[in-house]
Amino acid sequence: MKIRELYKGNKPFAYVAFNYADAKAADELLDSLDAGGYRYWLNAKISPNEKELDQIHRKAKMSAVTVLVLTENSIGDGLVDIVLEHTVEKRSSLIVYMTEEPRVVREYLNELHRKVTNCIVLRTWEQPFNTSNTVRQALSATKGVTANYAEEMYESGMAVFRSASPSVENMNEAFKKIQYAAMNEYHPALNFLGELALRKARAGEDSYSAAVAYFKSAVALGNPDSIYHLGCMIADGEGFTQNYQLAAAYLSISAIQGITDAQFRFAEMLDKGLGVRFDREEAAKWYLAAIENGDRRAYLPLAYRYLNGDTVAKNEAIAAEYFHEAAKDGDIDSLLMLAKLYKDGIGVQKDEEKSAYYFRKSAENGISEAQFEYAMILLGANPKPDKKDKNNAAERAEGFKWLNIAAQERTYGEKPSPDVYYELGRCYYYGIGTEHDGSKAFMYYYKAANAGYIKAREAVAECYKKGLGVTVNKRAAAFYEPKSADEAV
């Protein structure tokens with residue numbers, strides 16, 4: 001038998017099954033397939049080992065059509081039977097190539113007609129025929145059936161992936177089903193395999209090439225999710241040279257086709273002018289489209305727009321509603337905004353308790369501004385503590401704690417606001433929430449004064465005059481004494 005170059009790619013191909021006693025007839029058939037430019041695969045060994053047998057099963061599952069050289073020799077051939085079992089299971093077409101038709105072959109052919117969805121018979125002794133055209137006819141006939149079966153395999157596999165705690169064995173079997181669907185050009189399966197490959201690449205377990213290949217194959221079949229993924233990869237320089245203009249083109253196409261993630265990402269690009277003309281009005285339209293399709297990430301940028309009347313009609317009530325929605329999803333900036341809205345009664349009814357609640361939630365999430373505001377709520381405006389009121393004392397101790405947290409420098413170099421230093425100085429000066437400590441009071445007043453805080457300058461001048469926490473120094477007191485309300489160091 002001639003040495004053949006077998007197809008190894010992912011596009012639809014034919015599996016040619018035959019008994020090696022019929023090598024001459026198989027060669028004639030394969031010559032016709034080669035002439036027609038058809039992709040095919042066949043078992044290259046009479047007695048395959050376990051690994052090769054596994055490959056036969058895999059290729060038989062993946063093939064789009066089976067071509068059987070039917071003779072008395074092929075009836076009962078174990079390897080041929082394997083291929084036919086998969087053909088029946090996946091309901092693909094079968095082309096039966098016959099050089100003779102004795103009774104036993106005819107009976108077996110009748111049995112095949114009962115089992116196989118679409119069976120085309122080629123009798124070489126009848127009028128001349130064109131094998132390539134017949135294969136093309138079979139591929140056309142099997143297209144719908146194969147597509148339906150591919151969809152079934154994909155959904156069956158995905159059901160396992162979506163289940164609560166699938167076993168490793170079930171996961172492996174599900175993955176094979178999805179692979180089969182992908183091999184038969186079912187684009188949701190190609191997209192899913194692309195997503196898996198992308199996760200592995202981002203985790204550093206593989207290169208991006210597999211994800212790119214899967215997504216490109218799915219895009220060629222019109223999958224809008226894969227268009228989105230390619231757009232993001234191009235924008236982020238994953239597997240591609242970063243190109244915002246090309247990324248925006250991909251994302252806009254996917255957004256128009258209704259992919260919610262693409263609508264949000266494209267809105268962001270419009271908002272920042274990345275790869276497209278800077279257009280905040282158009283960005284607002286896509287943020288709104290994303291919200292309508294359930295993308296909750298769009299609540300925050302739209303909340304700020306409605307609050308300020310930026311590219312949308314100003315509506316403080318909608319702004320408050322959207323900040324609430326964003327806060328539900330754990331956005332800490334929204335917690336701070338809600339605290340401010342309830343404090344000032346913007347878009348909501350003024351409510352000091354709710355304002356304090358959101359300042360505390362924001363403070364707990366590390367927002368220094370909220371930590372200061374919550375501390376001030378607890379400390380109160382009265383500079384002199386009421387030591388008889390134990391509840392008041394407990395609140396002020398808690399407020400002092402939050403003030404100290406707010407005074408800590410952030411890991412990324414952000415320095416506390418000077419009013420934080422000033423209020424800490426006030427706490428130490430008057431013993432609010434802590435014991436009186438003149439030295440620490442002066443230290444914090446001094447920090448605030450040198451950061452340009454006018455009230456702190458007055459406090460430093462007072463300390464120098466009276467020797468509170470520092471040696472009396474009238475010259476220094478005169479230096480820090482503000483000359484006007486606008487003075488700054």
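Close-up 1. With a relative accessibility of 54%, Glu 85 counts as exposed, since exposed means over 50%. Everything in these views comes from a predicted model. Glu 85 belongs to helix H3. On the surface, Glu 85 gathers with Glu 89, Glu 169 and Glu 173 in a patch of negative charge. Two helices, H3 (78-90) and H6 (168-183), each supply at least two residues of this patch.

**Close-up 2. Tyr 154 and Tyr 186, a tilted aromatic pair.** Welcome to the aromatic rings: the structure holds 24 aromatic pairs. In one of them, the ring centres of Tyr 154 and Tyr 186 are 5.4 Å apart and the planes meet at 55°, so the pair is tilted. This pair links distant parts of the chain, with Tyr 154 in helix H5 (residues 131-162) and Tyr 186 in the loop between H6 and helix H7 (187-202), 32 residues apart. Are the two partners buried or exposed? Tyr 154 counts as buried, at 9% relative accessibility. Tyr 186 is buried too, with a relative accessible area of 18%, because the cut-off for buried is under 20%.

**Close-up 3. Tyr 374 and Trp 402, an edge-to-face aromatic pair.** Here the rings of Tyr 374 and Trp 402 form an aromatic pair that is edge-to-face, with 6.1 Å from centre to centre and 75° between the planes. Tyr 374 sits in helix H17 (residues 368-379) and Trp 402 in helix H18 (residues 390-406), so the pair ties together parts that are 28 residues apart in sequence. Tyr 374 is buried, its relative accessible area being 11%. Trp 402 counts as buried as well, at 9% relative accessibility.

**Close-up 4. Five tyrosines in one aromatic cluster.** Look for Tyr 422, Tyr 429, Tyr 430, Tyr 445 and Tyr 453, which form one aromatic cluster.

**Close-up 5. Ala 14 in strand E1, with Lys 59.** Ala 14 is found in strand E1, which covers residues 14-17. With a relative accessible area of 5%, Ala 14 is buried. How many residues apart in sequence are Ala 14 and Lys 59? They are 45 residues apart in sequence, while in space their C-alpha atoms are 9.4 Å apart.

Close-up 6. Now to the charged pairs: the structure holds 25 salt bridges. One of them joins the side chains of Glu 111 and Lys 115, at 3.1 Å from N to O. The two residues are 4 residues apart in helix H4 (residues 103-115), so about one helical turn separates them. Glu 111 is partly exposed, with a relative accessible area of 29%. Lys 115 also counts as partly exposed, at 47% relative accessibility.

**Close-up 7. Arg 305 and Asp 271, a salt bridge between two helices.** The side chains of Arg 305 and Asp 271 meet in a salt bridge of 2.7 Å, N to O. Distant parts of the chain are linked by this pair: Arg 305 lies in helix H13 (residues 299-308) and Asp 271 in helix H11 (residues 260-272), 34 residues apart. Both Arg 305 and Asp 271 are buried.

Close-up 8. Glu 364 and Arg 360 form a salt bridge, their closest N and O atoms being 2.9 Å apart. Glu 364 is partly exposed, with a relative accessible area of 45%. Arg 360 counts as partly exposed at 27% relative accessibility.

**Close-up 9. Thr 311, a residue with a positive phi.** Thr 311 is not a glycine, yet has a positive phi of about 70°. Thr 311 is found in the loop between H13 and helix H14 (316-328). With a relative accessible area of 31%, Thr 311 is partly exposed.

Key: Residues numbered from 1 in each chain as written. Predicted model: local features only at pLDDT ≥ 70, side-chain atom pairs only at ≥ 80, totals over all residues. Heavy atoms only, no water. Patch = residues over 30% accessible without salt bridge, like charges linked within 9 Å, V, L, I, M, F, W, Y side chains within 5 Å. Areas by Shrake-Rupley, 256 points an atom, 1.4 Å probe, with all protein chains shown as cover. Salt bridge = Lys/Arg side-chain N within 4 Å of Asp/Glu carboxyl O. Lys, Arg positive; Asp, Glu negative; His and termini not counted. Charge placed at Lys NZ, Arg CZ, Asp CG, Glu CD. Buried < 20%, exposed > 50% of the residue type's maximum accessible area, 1.4 Å probe, protein only. Phe/Tyr/Trp six-rings, centres within 6.5 Å; stacked < 30°, edge-to-face > 60°.
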